[in-house]
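User: Hey, can you walk me through this model? I'd like to start with how you name the pieces.

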Amino acid sequence: VQRRLFAAQVGSGGPLGMAPLLGHTEHRVALVSDAAISPDCNQILFVSDATGNGDIYKYDRGIDVTAVVKSPHVESSPSHAPGGDAFAFIRASDSGSQLMIRNGSAPPREVAEGFDLTRPRFASDTVIVLFGRESEEEGWKLLAHREGDTPTTLASDVRLPARAGPALSADGQWVAWASAVSEQSSSIFLTRIDGSQTVEIS
């Protein structure tokens, strides 16, 4: 049985994984990041650069680690759907960023694209909330994506949280965010996922 040893490096951007990783018989150190635990707590998705790219791996409790998304591109930010085997992630390519979904053993499919998309989180099985921007000069937006539709803007000039995705309520109906506008920097905002209401709280 192969074992994996994961160790955190204080002050680093992410923990390190030391292991005979897939396809390697020697022990080596590979960056591990973006860990996401499934709703039933039986699986962990994470990103590793063991092959030189950002690929997505899955740990099944009591089984082993397997690669679930490997490509010449850089993948990041895996996020489990509340039900079933689907998960979303971001793929970075020469043409920009793509929001991808993989359902079960089917190949990943692109559901949205943009200049810079990041940190998707499922609000429900049909709605994904994420951050995006249209250029290096423009501010971040909070977006909601529904299957078969283009992402809609829930909020503009959003402050990108440090290494965290959108802060969703337990029922998936609200998302909390902070503004990058200096006059509003001391407030927290709550916006409904359908965009119908925004509440400012101090």
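Analyst: Helices (H or I, at least four residues) and strands (E, at least two) are DSSP runs, numbered from the N terminus. This is a predicted model, so local features need pLDDT of at least 70 and side-chain atom pairs count only at pLDDT 80 or more, while totals for chains, interfaces and linings use all residues. Residues are numbered from 1 along each chain as its sequence is written, and side-chain values use heavy atoms, with hydrogens and water left out.

User: OK, how many helices and strands does the chain have?

Analyst: Zero helices and 18 strands.

User: Where does Arg91 sit?

Analyst: Arg91 is in strand β8, residues 87–93.

User: Buried or exposed?

Analyst: Arg91 is buried, at a relative accessible area of 15%. Buried means under 20% relative accessible area, exposed over 50%, and partly exposed is in between (1.4 Å probe, protein chains only).

User: Which side chain does Arg91 make a polar contact with?

Analyst: The side chain of Glu75, at 2.6 Å. A polar contact is a pair of N or O atoms within 3.5 Å; within protein, one must be able to donate a hydrogen and the other to accept it, and residues adjacent in sequence count only if both atoms are side-chain atoms. Glu75 and Arg91 also form a salt bridge through their side chains (2.6 Å, N to O). That pair links distant parts of the chain, with Glu75 in strand β7 (residues 74–80) and Arg91 in strand β8, 16 residues apart. For a salt bridge, a side-chain nitrogen of Lys or Arg has to be within 4 Å of a carboxyl oxygen of Asp or Glu.

User: And Glu75, buried or exposed?

Analyst: Buried, with a relative accessible area of 1%.

User: What else does Arg91 touch?

Analyst: Not counting residues up to four places away in sequence, Arg91 touches several residues, including Val69, Ser71, His73, Gln98 and Met100. Contact here means heavy atoms within 4.5 Å. Gln98 is also the bridge partner of Arg91 in β9.

User: So how does β8 pair with β7 and β9?

Analyst: β8 pairs with β7 in the antiparallel sense over five bridges, and with strand β9 (residues 96–102), also antiparallel, over seven bridges. Two strands pair if DSSP finds at least two bridges between them.

User: How many residues are between them in the hairpins?

Analyst: The β7 and β8 hairpin has six residues between the strands, and Gly84 in that turn has a positive phi of about 80°. The β8 and β9 hairpin has two.

User: Back to salt bridges. How many are there in the whole structure?

Analyst: Seven. One of the others joins the side chains of Glu147 and Arg109 (2.8 Å, N to O). Glu147 lies in the loop between β13 (140–146) and β14 (152–158) and Arg109 in strand β10 (residues 109–114), so this pair ties together parts that are 38 residues apart in sequence. Glu147 is partly exposed at 46% relative accessible area, and Arg109 is partly exposed at 37%. There's also a network, in which salt bridges that share partners join Asp116, Arg133 and Glu136.

User: Switching topic: which residues have the most contacts inside the largest nonpolar core?

Analyst: Val129, Leu142, Val158, Val175, Trp177 and Ile193, in a core of 14 residues. β12 (127–133), β13, β14 and β16 (174–178) each supply at least two residues of this core. A nonpolar core is a set of buried Ala, Val, Leu, Ile, Met, Phe, Trp, Tyr and Cys residues joined through side-chain atoms within 4.5 Å. A second, separate core of 13 residues includes Ala86, Ala88, Leu99 and Ile128.

User: What does Ile193 contact?

Analyst: Leaving aside neighbours within four places in sequence, the contacts of Ile193 include Ala123, Val127, Leu154, Leu168 and Trp174.

User: Last one: what's the strand order in the open sheet?

Analyst: The order is β15-β16-β17-β18, with antiparallel pairing. β15 (167–168) and β18 (198–201) are the edge strands, each pairing on one side only. β17 (residues 188–192) and β18 pair over four bridges, and Thr191 has Thr198 as its bridge partner in β18.
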